[in-house]
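Here's a quick tour of a few sheets and side chains. Have the model open while you read.

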Amino acid sequence: VEKSVCFFEVVVNTRDGKRWEVEKRFKEFDTLHQTLKRIFSNLPDLPSKSFFALSEAAQIERRREQLERYMQILVGRPDILNSEVMKMFLQIDTFAPDVIANPPKLLQELSNFVLGVRDFKYELEKGLLFAGISDMNPASRIDSYLTNMKLPWEKELNITIVTVGALECYIQTDASEYKFDKLWTKTFPSQVICLDWEAKSCRIAVGQDDGKIEILHVASDLNFMKFTEVLNAKIHNARVMGVYIENLKNFIYSAGEDKRFVVTDIASGQLMADLIVGSAPLTYLLVEKETKRAFISNKTNTVFIYDITPVPPTPIHILNLECRGAIRGLDFDIGKNYLFTACFDDGLVGVYDLERPGREKYAKHIASLPGKPKARFLTWSASRNEIYVGNEDGTVTVWNARKGTQIYVIASSNEDITFMKFIESRNLLVIGSKDRKIKFWQLPQEWRDRKVEEEEEKDAQIQRATESMVNLQKQREKAAIDSDEDDLAGWSK
């Protein structure tokens, strides 16, 4: 203690024998904790602040013990240990750079969008990128809607006065650096909410905030420079949350906040099926093309599974999830028959084994991963066994699905993550966000050295075995005490 200021010495030991010390005041621990709270979930509690400086040795020792437990929990989590804030706090880059994970590399950032990115479709083979962009500021959006509104006594409006949403088409000019040129823009008087690109027929569907769906045919023989309108219809009575073009039947499937799952004939615009799904607004539509199944989520932790082979689609199973609130992310692994879900309200990530097609009613809950609240999107990599969850705060949490642990947190944006696509062949994670950007992140082949991870796993197994033995010994001691009490029970009158 010097001049009434108390420093705590943090001793860092690594597996390969490196050792160093850093000195920190309690307020630096508090700053660390506040920064981590903005990025990570499920943090341990930091010892509470004291209104008066600690002066007694016992008080200081008690706080030291509390801070030691706090730091041990933090460094036991790979996602926190690999974060920039923790690396700086412990000076890991200086003393042991080999301990931390290999960070993802930002290859390209597209930032010339005039509105926030709501959805995008990227086709690697053709080098095509479609971006659905929208004014996501509620105040300015309402003002735009009022400006664009036609009142009964007014003449028809020939133009859209204020753009609230748009579809932009880009062509890739440099495959190695992910550089793009804009080909064209189609504007809308309503927010663009969701897209679907059907590559064989070169058609893109645009679901909008006002319930309309437009389908455009993009001319591949003209290098995608022009488009023609194929369908323009108000199909839903509320926001369209998902669209899927079925090319063989020439149908479009859509789900909306009006709780409807609709099948529409693209050529005629006729509704082929109109189903009410559940009692809450729908939030997402995912279609598994090989087995012709549709997964539809809603705002009350439910996923509805439909067979879309017949018309109307046939309900297969209703999956009530372990989380609480709206489901904002769905993905499916056709090889494992696993469904992955992300809940907005509590951030819980769920993994469900749906069995093979036809046995969905025997679906089993495999795992729940305690993610960060306000999860906005989820995507899955089968080759890497990793789950990527985009959050409202602009971060993307990377989960190791086999271990059920967080590996890394990518600070990709300053605002909501709205859409992601993982490209297996290139270890490429493409991320769209509300702050008008699409970023291309190259993920490392391995987050950490495999030998180091194997050693850590061995240590973890030894620790688990030790804890199991200790718990077993405690149970035996407790059983012996209980037995003694039973033996004496008859002696006391």
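Two strands count as paired if DSSP finds at least two bridges between them, and strands themselves are DSSP runs (E, at least two residues; numbered from the N terminus). This is a predicted model, so local features need pLDDT of at least 70, side-chain atom pairs count only at pLDDT 80 or more, and totals for chains, interfaces and linings use all residues. Residues are numbered from 1 along each chain as its sequence is written, and side-chain values use heavy atoms, with hydrogens and water left out.

Four strands make an open sheet in the order 12-13-14-15, with antiparallel pairing. Strand 12 (240-246) and strand 15 (271-276) are the edge strands, each pairing on one side only. On average, neighbouring strands of this sheet are turned by 15° against each other, direction ignored; the axes behind such angles are lines fitted to C-alpha atoms, and angles run from 0 to 180 degrees between N-to-C directions.

Another open sheet of four strands runs 4-5-6-7, again with antiparallel pairing. Strand 4 (116-123) and strand 7 (179-188) sit at the edges with a single partner strand each, so one side of each has no neighbour in the sheet. Here the twist averages 20° from one strand to the next.

| Strand pair | Sense | Bridges |
|---|---|---|
| Strand 12 and strand 13 (residues 251-256) | antiparallel | six bridges |
| Strand 5 (residues 128-134) and strand 6 (residues 165-174) | antiparallel | seven bridges |

For individual bridges, Glu246 has Phe251 in strand 13 as its partner, and Leu129 has Tyr170 in strand 6.

**Asp196**

Asp196 belongs to strand 8 (residues 192-198). What about its charge? Asp196 is buried but has no salt bridge, and the nearest side chain of opposite charge, Lys121, is 5.1 Å away. Buried means under 20% relative accessible area (1.4 Å probe, protein chains only), while a salt bridge needs a side-chain nitrogen of Lys or Arg within 4 Å of a carboxyl oxygen of Asp or Glu. The Asp196 side chain does reach the backbone nitrogen of Ile245, at 2.8 Å. Residues touching Asp196 (heavy atoms within 4.5 Å) include Lys121, Arg203, Val243 and Ile245, not counting residues up to four places away in sequence.

**Phe304**

Phe304 lies in strand 18 (residues 302-307) and is buried, with a relative accessible area of 8%. Phe304 and Gly278 are 26 residues apart in sequence and 8.3 Å apart in space, C-alpha to C-alpha. Beyond four places in sequence, Phe304 touches residues including Gly278, Phe295 and His317.

Definitions and conventions: Buried means under 20% relative accessible area, exposed over 50%, partly exposed in between (1.4 Å probe, protein chains only). Lys and Arg count as positive and Asp and Glu as negative; His and the chain ends are not counted. A polar contact is a pair of N or O atoms within 3.5 Å; within protein, one must be able to donate a hydrogen and the other to accept it, and residues adjacent in sequence count only if both atoms are side-chain atoms.
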